[in-house]
Amino acid sequence: MLCAWLKSGRGRKQKTIDSYHEIARSIAMQKPETIILISPHQTMYADYFHISPGKEASGDFGQFRAPHVGVSVSYDSQFVDNLCHLAEERNLPAGVLGQRERALDHGTMVPLYFVNQYWQDYQLVRIGLSGCGLATHYELGQIIQEAAKLLDRKTVVIASGDLSHRLKDDGPYGYREEGPQYDRRIMEVMETGEFEGLFEFTEDFCEKAGECGHRSFTIMAGALDRMEVEAERLSYEGPFGVGYGICCYRICGKDGTRNFRERYEQRQRSLLAARREQEDAYVRLARKSMEEYIRTGKIISIPGDLPEEMYRSKAGVFVSIKKEGSLRGCIGTLSASCSSVAEEIIYNAVSASTNDPRFSPIEPAEFDRLTISVDVLGDMEKIESPDMLDVKKYGVVVTKGCKRGLLLPNLDGIESVEEQIAIARQKAGIHDWERVSLERFEVIRHY
């Protein structure tokens, strides 16, 4: 198996173009029967990996003013079937459901445009990303490796995606210091093949850097799990405010020490166990409520050993659940709807874990990988101007008629009042041109 890490951009980047040709020639020398192409511009869901179904697909570069240039592929349906079967066996959320756009995306077409100049006798498996954590992306790569072995396919994996989009003021998303920081760090990881470093990038940092391919690279790393590889850096450029990197990985043998996901998860289990030992009564109650309901379908009674203020006080409460640093559920109440904060936590913990419409219900197998926080809201205070907000100190509620949107304070990735209000508007379905009334509130956050 040969694996390639390729950017999916466009424009005049001569080093990148030369590297494309070089790696396409290397792929042609392998004469692969199947090419697995992982693209960040393929259909993407929050908790599901979409694998393109059907027998064939095509696309062109019309959106880039080159409609006469196109790519057509035949899909390896047998490989797809095996991949879906293995994913189902391992309870990994991947399959052919939910196709939105049959045409090939540019993250797929750009690499294949070069590959096809040297080799065309292959079938394609096209896979999108998800909002799942990095460990789950790596696991999908492990399943890709297993499917290739079961079918005895000569296989190449291409991980498509750009690096940071925030390298220059005149780039597509402007400049942020995290942009060049990301590119420097990711190139160090990828050019050495030490893929454990992929797990060291937090979701917040990646978002600030404006990258789009990190999850692609992590799936590819999983496809190389426990394999000795020869890593080669071919090029890096960032001429238009976007980072483009190309590396190649050739399998040289087996190496059981390169089990990067297992090493990461072992470290995470230790950290989560230590954090769980430090959880206060608010978070312990939320966790107990969630776990009992998911296991038995029953709402627990209010325990008798809680701090006194949890029985006598009433307030709005938000319960937030994360898995591998990614949000897994968050539901709450703006003001008290139960007889006590304790009861409020119980019901909101159940709702956050089973009724958040953005996510599937949490499964018992996930319990040991979850972190929980509980925000107890203070009184709402009407304010006249955004100048009276502070994203670290105050949450915000925006109201237009019967529509209300809330955003908690001190959230990862939210650094300006403008962002805070915009997201609260979006959650409420309020247009940015509509006049709104503003309220602020403080919270006590429990971990």
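Is Ile-158 buried or exposed, and what is the relative accessible area of Ile-158? In this predicted model, local features were considered only at a pLDDT of at least 70 and side-chain atom pairs only at pLDDT 80 or more, whereas totals for chains, interfaces and linings use all residues. Residues are numbered from 1 along each chain as its sequence is written, and side-chain values rest on heavy atoms, with hydrogens and water left out.

Ile-158 is buried, with a relative accessible area of 0%, where buried denotes under 20% relative accessible area, exposed over 50% and partly exposed in between, for a 1.4 Å probe and protein chains only. The residue Ile-158 lies in strand β8 (residues 155-160); helices (H or I, at least four residues) and strands (E, at least two) are DSSP runs, numbered from the N terminus. From C-alpha to C-alpha, Ile-158 is 16 Å from Asp-121 in space, and the two are 37 residues apart in sequence.

Lys-323, located in strand β11 (residues 317-323), is likewise buried, its relative accessible area being 17%. The side chains of Lys-323 and Glu-366 are joined by a polar contact of 3.1 Å, that is, a pair of N or O atoms within 3.5 Å, of which, within protein, one must be able to donate a hydrogen and the other to accept it, with residues adjacent in sequence counting only if both atoms are side-chain atoms. When residues up to four places away in sequence are not counted, Lys-323 touches Arg-328, Glu-366, Arg-369 and Leu-370, contact meaning heavy atoms within 4.5 Å.

Helix α4 (residues 134-151) packs with helix α2 (residues 77-89) at an angle of about 125°, their axes being 9 Å apart; axes are lines fitted to C-alpha atoms, for helices over the stretch in contact, and angles run from 0 to 180 degrees between N-to-C directions. Helix α2 is therefore oblique to α4, given that angles under 35 degrees count as roughly parallel, over 145 as roughly antiparallel, 65 to 115 as roughly perpendicular and the rest as oblique. Residues forming the contact include Phe-79 and Leu-83 of α2 and Ile-143 and Leu-151 of α4.

Helix α4 also packs with helix α8 (residues 260-277), at an angle of about 150° and with the axes 10 Å apart, so α4 and α8 are roughly antiparallel to each other. This contact is made by Ala-135, Tyr-138, Glu-139 and Gln-142 of α4 together with Phe-260, Arg-261, Tyr-264 and Glu-265 of α8.
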